[in-house]
Amino acid sequence: MLDEKTIKELTSKATEIRVLTLDALGYLGVGHLGGCMSLVDVLTLLYYRHMKIDPKDTRKRDRDQLVVSKGHAGPTLYSILADKGYFPIEKLHTLNKGGTDLPSHCDRNLTPGIDMTTGSLGQGLSAAIGIALGNRLDGIQSTVFAIIGDGESNEGQVWEAAQAAAQFRLNHLVAFTDYNKLQLDGFMYEIMNIEDITAKWVSFGWFVQRVNGHDFGQMDLAIERTKAEPVRPSMIVLDTIKGKGVDFAENQVASHNMKMDYATALRTIAKIEDEMGVVNE
Amino acid sequence: MNSTKEMRAVYVETLCQLAEADERIVLLEADLMRATGTQGFKKQFPNRTYNIGVAEANMVGIAAGLSATGKIPFANTFACFASRRAFDQFFISANYARLNVKLVGTDPGVTAALNGGTHMAFEDLGLMRTIPKLVVCEPSDPVSLSQLVKCCADHLGCTYLRMHRKSADTIYDESETFELGKGKTLQTGQDVALIAVGAVMVNEALKAAEILAAEGISAYVVDMHTIKPIDRDLVIHMAKVCGAVVTCENHQIVNGLGSAVAEVLVESLPTPMERVGVKEMFGEVGSVEYLKNRFGLTAEVICRHAKQVIKRKTEK
């Protein structure tokens, strides 16, 4: 169980990450704002509380690894990696500029701290399985985390991977679905309904939990529970809000890949920081 | 020589040798182990064998993940599925991610035989050849298969090996060594260059050379086992010596060996050239012999093109 102090620290850190990410996307003027913001909280929890990693040894063999299969959430990851010291924070303003190390979608060769190249939706969970199998062969007990999108789950390969992870009894694989209920063209129930999402994963042989993806206490407890699972891979379905924390993007279909001017981004950042200030007082 | 060996048996024997010496070697299959004949590997290395079921895309993705942990995964399936079905996974998760996946596509072209048109890959070399930095090869006999599998394992980066699965005649002496990107001269000659790839067409090219020799035509025959990177020096050398080139492939003439050779010649030494291969047709069901005739993949067709191209050379 997280104590109040830790929750407060994580909330504050998540706000910093939100601000950095909005700043980078706003500076660029366009980006996958919605899906970046819905993941800020879970990524903050993973990187500042759970993952065993070393920014000075980015390919350390026994590190925990993370495959962000919805590769367009790269910018959130970059904010965290910069904050953790993988690269200078100033680099965030190079996002998507020609020759950058920080491309729109995650790239394991360009960006220190990125474990797998993703972007063609549906492929990341398979790669995460491969990493988990490689770890098992080498006797490494580390956890492989994976994050898939809800829209991404339209892809058949996700379900091929779902079968394989259960078949191979990958209990050190912990996946999350960022269930913000929106895909690029609209609400999932209109485009391609995924319900009953928990029943689907249960029926594929996974240990499934469903929690509020913006509630650190709930998410932390869910991650802790996966550690006792002796056989099954874990799926934690996160009920999230696309664009969470950015008033002009929250729950907007258009937030998937949205244009914004830097002035608006900066105004929103000031507002977010004000609100956070009030909470901290 | 002249002995025949089952290629899949050579493949699994080679893979087991490699795996004994290097614990990074792992094997992935997509419910075709009984076809690719790799049960022997599984018996010897059960913990390093993964049967992913009928899910080629997932198999290639998992192979990519294994490779990210330092393993050297060999992933096998029919050439049609390796290329058409799992292309994006091989492109993005393996190649674009600069990982180290060894994809093996068996039963190329007409050797898919009784499985018919759905299983007949006449385009896999073409698809694979467009992936940056990928090594693309097709051994022609048991010796070159064993050697090239070892070369693929040693190569740091993704490879695609197109594998004749059933029996093939032995062309090379056991002591022959191979290098990726370096074609093998089977005989020198000065009238026409026959550049062939794969067990079916290298053997047909050798037969054609015999027929041509009986008619007083001297053919220079090369086994171009690696079509990417293509052996530019050898192609240019043959074109210089013969002034006429025929390519021979169990594949569409578009974007396979013929295209690779043409690209070299058109930029470096424009030379009269003809391409023997499948021309704008889908695969069909039938015996290998029937299909070779159906698609014009025979020594006779090679001879006809050889004479045509020699005529074009002399008319020039």
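**Conventions**

I number residues from 1 along each chain as its sequence is written, and chains are lettered from A, with ligands numbered from 1, in the order in which they are written. Since this is a predicted model, local features need pLDDT of at least 70 and side-chain atom pairs count only at pLDDT 80 or more, while totals for chains, interfaces and linings use all residues.

**Entry 1: chain B as a whole**

I looked up the secondary structure of chain B and found 13 helices and 14 strands, where helices (H or I, at least four residues) and strands (E, at least two) are DSSP runs numbered from the N terminus. The radius of gyration of chain B is 19 Å, close to the 20 Å that the globule rule gives for 316 residues, so chain B is as compact as a globular protein of that length; the radius is taken over C-alpha atoms, and the rule is 2.2 Å times the number of residues to the power 0.38. Along the principal axes, I noted that the C-alpha atoms of chain B fill a box of roughly 60 × 40 × 35 Å.

I then turned to burial, and 60% of the 316 residues in chain B are buried (buried means 20 or more other C-beta atoms within 10 Å of the residue's own, exposed 12 or fewer, and partly exposed in between, with C-beta atoms placed from the backbone). Of the contacts in chain B with a separation of 6 or more, 80% join residues 24 or more positions apart; a contact here means that two C-beta atoms, placed from the backbone, lie within 7 Å.

**Entry 2: helix packing in chain A**

Two packed helices are described by the angle between their axes and the distance between the axes. I began with α3(A), residues 40–50, and α4(A), residues 74–84, whose axes come within 10 Å and cross at roughly 30 degrees; axes are lines fitted to C-alpha atoms, for helices over the stretch in contact, and angles run from 0 to 180 degrees between N-to-C directions. The two helices are therefore roughly parallel to each other (under 35 degrees is roughly parallel, over 145 roughly antiparallel, 65 to 115 roughly perpendicular and the rest oblique).

I next checked α1(A), residues 4–28, which packs on α3(A) at an angle of about 120 degrees with the axes 9 Å apart. That makes α1(A) oblique to α3(A), and the crossing is right-handed.

**Entry 3: where the chains meet**

I found 25 residues of chain B in contact with 23 residues of chain A. On the chain B side, α4 (56–68) and α6 (87–96) each supply at least two residues, and α4(B) gives the most, with 9 residues. That side of chain B divides into 12 nonpolar, 9 polar and 4 charged residues.

**Entry 4: backbone exceptions**

Most residues other than glycine have a negative phi, and most peptide bonds are trans. I recorded a cis peptide bond from Glu195(A) to Asp196(A), with omega near 5 degrees, and Asp196(A) lies in the loop between α7 (188–191) and α8 (197–203) of chain A. Another cis bond runs from Lys228(B) to Pro229(B), with omega near -5 degrees, Pro229(B) being in the loop between β12 (226–228) and α10 (232–242) of chain B.

For phi, I noted a positive value near 50 degrees at Arg169(A), which is partly exposed, with 14 other C-beta atoms within 10 Å. Glu280(B) has a positive phi near 55 degrees and is exposed, with 7 other C-beta atoms within 10 Å.

Conventions. A crossing is left-handed if the near helix is turned anticlockwise from the far one by less than a right angle, and right-handed if clockwise. Ala, Val, Leu, Ile, Met, Phe, Trp, Tyr, Cys and Pro count as nonpolar, Asp, Glu, Lys and Arg as charged, and the others, Gly among them, as polar.
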